[in-house]
Amino acid sequence: MKLLIISKNLLDQKDAQSQQSLAFIEALQEVFERIDVITAKTTDSDLNRLNHLETKNVKLYSLPAQWVSSGSNIIEKVKRKLHRNLMAAFSTKWAKIAGNLANDLNRKKNYSAIITIGLPIESHMAGLRLKEKSKWIAHFSDPWPESIMPKPYSDYSIPVINRLQKNVVQKTIDQAKLVSFTCTQSRSLFSAHYKINVNKTYITPHTAPPPITPLKRSDGDFIITHAGSLSRERFFPELFYAIKNLPKESKVIVQFIGYVHPVAQQLVEILEIQHRVVFIGQLSKVDTIHRLRESDALLLIEAKMEIYPFMPSKLADYSALGLPIYAITGKKSASAQILNSYYGNYTSTYSVASITKVLQEISTSRHNRNENSIYTVFDKRLTQKTINHAIARIE
């Protein structure tokens, strides 16, 4: 079988969704004779980092693309948000070229399926230009646009642009042969906002990387690590008050790798818990994995929301280490449903008391490593099986 994948942001491996796209492609290398990938050109170093894909049966077609700015001041942030949203409302030059290339490649190679991975929505815009849509599978890694997301993610949505974006999503749902979501909660949110035939949908779980062996340390601390951005949406003060509440004899140290909201840093100083909270900053992927391997447990934080329509890709990444995972999330979230079904993993809501309780329990448990790992939920073999079933439905 031959497969075509359209994933605009694949080469930007700083992006969590791009990392998931890569894990997805690597999983399918084993079951497809050929995989062609249409993506957007970033830098030569980004392309070189993925050279290993083309040593087997994958070919990358990186097309020139326009990217949003990366400035951090308020004006740049506003410009970036506006630019990003406009690119998701009107077909970009990249989407047009990618769609045309997809049609040319399909004529030559007669793919078994063509999968578009969004976000960004531009990948689906390229799918809308396909001439043979009977092969098209549209995968939504997250809900879109921002206006249908729960607060705080919809706080700054732009009404007129959101309406245009919803039109693009509805066309994608209508015209694709099959539509895929990462979890049932995400599909339910789409169903509440779009006309959708549930019979043409299915669930594609995130794909975990190959298993990673944890490292033992000689000190007596209990290190729990959060990898990724602690953004405005994910920051809430109760976490740090809970850490403050830990007994003096507790060995818990919480370390954050990546961007941390400035208010969180200020709160740590005010509460004088610098001995328990460590901000590492941004690290390379290799150094991040090393820090995770040296940890005793891993921390997943979801924003406090009324509903939980996301399946965090971080959960799949964490599962590869076989360490206990503590998730601060909603009771009915996809993360909670998975973690609560496995002994040795932990979840809590956002109250100070519940967070303190779990931190104490997880740090004193005798089942700290490789206990009933959730890896099987995100095993690449499940991804392979899911896609094979989807292609059988197309044929």
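1. The model is predicted. The chain has 14 helices and 13 strands. Its radius of gyration is 21 Å, close to the 21 Å that the globule rule gives for 395 residues, so the chain is as compact as a globular protein of that length.

2. Along the principal axes, the C-alpha atoms fill a box of roughly 65 × 45 × 40 Å. Of the 395 residues in the chain, 54% are buried. Take the contacts between residues at least 6 apart in sequence: 73% of them join residues at least 24 apart.

3. Now the second largest pocket. It holds about 260 Å³ of space. Its lining has 14 residues. E26, A27, E30, P210 and K380 are the ones nearest its centre.

4. Which element gives the most to that lining? Helix α1, residues 16-28, does, with 3 residues. By type, the lining of the second largest pocket splits into 7 nonpolar, 3 polar and 4 charged residues.

5. Next, T204. This residue sits in the loop between β7 (201-203) and β8 (222-227). Is T204 buried or exposed? Its relative accessible area is 5%. The cut-off for buried is under 20%, so T204 counts as buried.

6. What does T204 touch? Beyond its neighbours within four places in sequence, T204 is in contact with F24, H139, S180, F181, T182 and T386. With S180 there is also a polar contact: the two side chains are joined at 2.6 Å.

Note on methods
Residues are numbered from 1 along each chain as its sequence is written. This is a predicted model: local features need pLDDT of at least 70, side-chain atom pairs count only at pLDDT 80 or more; totals for chains, interfaces and linings use all residues. Side-chain values use heavy atoms; hydrogens and water are left out. Helices (H or I, at least four residues) and strands (E, at least two) are DSSP runs, numbered from the N terminus. Buried means under 20% relative accessible area, exposed over 50%, partly exposed in between (1.4 Å probe, protein chains only). A polar contact is a pair of N or O atoms within 3.5 Å; within protein, one must be able to donate a hydrogen and the other to accept it, and residues adjacent in sequence count only if both atoms are side-chain atoms. Contact means heavy atoms within 4.5 Å. On a 1 Å grid over the protein atoms alone, a cavity is a set of points where a 1.4 Å probe fits but cannot get out, and a pocket is an open set with protein on both sides within 12 Å along at least five of seven lines; lining residues have an atom within 4 Å of a point. Grid points are joined across faces, edges and corners, and a volume is the space filled by probe spheres set on the points. Ala, Val, Leu, Ile, Met, Phe, Trp, Tyr, Cys and Pro count as nonpolar, Asp, Glu, Lys and Arg as charged, and the others, Gly among them, as polar. The radius of gyration is taken over C-alpha atoms; the globule rule is 2.2 Å times the number of residues to the power 0.38.
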